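Me: I have just opened this one up and I'm new to it. Can we go through what the labels on it mean and how they were reached?

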Amino acid sequence: MQFLKKQGTYFVGIQADVKTRFDRIQLRQDSTDNIDFQTFVSQDTRENKGESSGQNIEACLRECNRYVFNSGSIADFHQELREILLSL
């Protein structure tokens, strides 16, 4: 991310609470989504802390220029993104 930031890349971090994300994967029903909430939280914690292969979500979010908290509707999400794009 540091290299890309030096090149002028603007990063927007997208966050949602763990319960909302779990509910969304249950609706998606991908083959890897058939897990219970505790398993999801455990995997999520490892990914956030960089304890899984190749992901350290917390470190990446710290590098973002702006953040969107995506726990509402898709329309709300799109509006927040629109506002960010218009501010650039």
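Predicted model: local features only at pLDDT ≥ 70, side-chain atom pairs only at ≥ 80, totals over all residues.

Me: Let's start with N70. Why is N70 called buried?

Reply: Its relative accessibility is 14%. The label buried applies under 20%, so N70 counts as buried.

Me: And where is N70, and which residues is N70 in contact with?

Reply: N70 sits in the loop that runs between β2 (66–69) and α5 (74–87). If you skip neighbours within four places in sequence, N70 is in contact with I14, Q15, A16, T20, R24 and F77. Contact here means that heavy atoms come within 4.5 Å.

Me: What makes C60 partly exposed, and what makes C64 buried?

Reply: C60 has a relative accessibility of 36%. Partly exposed is the range between buried, under 20%, and exposed, over 50%, so C60 counts as partly exposed. C64 has a relative accessible area of 13%. Buried means under 20%, so C64 is buried.

Me: Why does Q29 count as exposed?

Reply: Q29 has 66% relative accessibility. Exposed means over 50%, so Q29 counts as exposed. Q29 is in the loop between α2 (18–28) and α3 (37–49). Its phi is positive, about 55°, although Q29 is not a glycine.

Me: Now the largest pocket. What is its volume, and which residues lie nearest its centre?

Reply: The volume of the largest pocket is about 490 Å³. Its lining has 19 residues, and R21, F40, D44, E47 and I57 lie nearest the centre. The elements giving two or more residues to that lining are β1 (12–15), α2, α3 and α4 (57–62).

Me: Which element gives the largest share of that lining?

Reply: That's α3, with five residues.

Me: And how does the lining of the largest pocket split by class?

Reply: Seven of its residues are nonpolar, six are polar and six are charged.

Note on methods:
Residues numbered from 1 in each chain as written. Heavy atoms only, no water. Helix = DSSP H or I, 4+ residues; strand = E, 2+ residues; numbered from the N terminus. Buried < 20%, exposed > 50% of the residue type's maximum accessible area, 1.4 Å probe, protein only. 1 Å grid on protein atoms, 1.4 Å probe; cavity = no way out; pocket = protein on both sides within 12 Å on 5 of 7 lines; lining within 4 Å. Points joined across faces, edges and corners; volume = space filled by probe spheres on them. Nonpolar A, V, L, I, M, F, W, Y, C, P; charged D, E, K, R; others polar.
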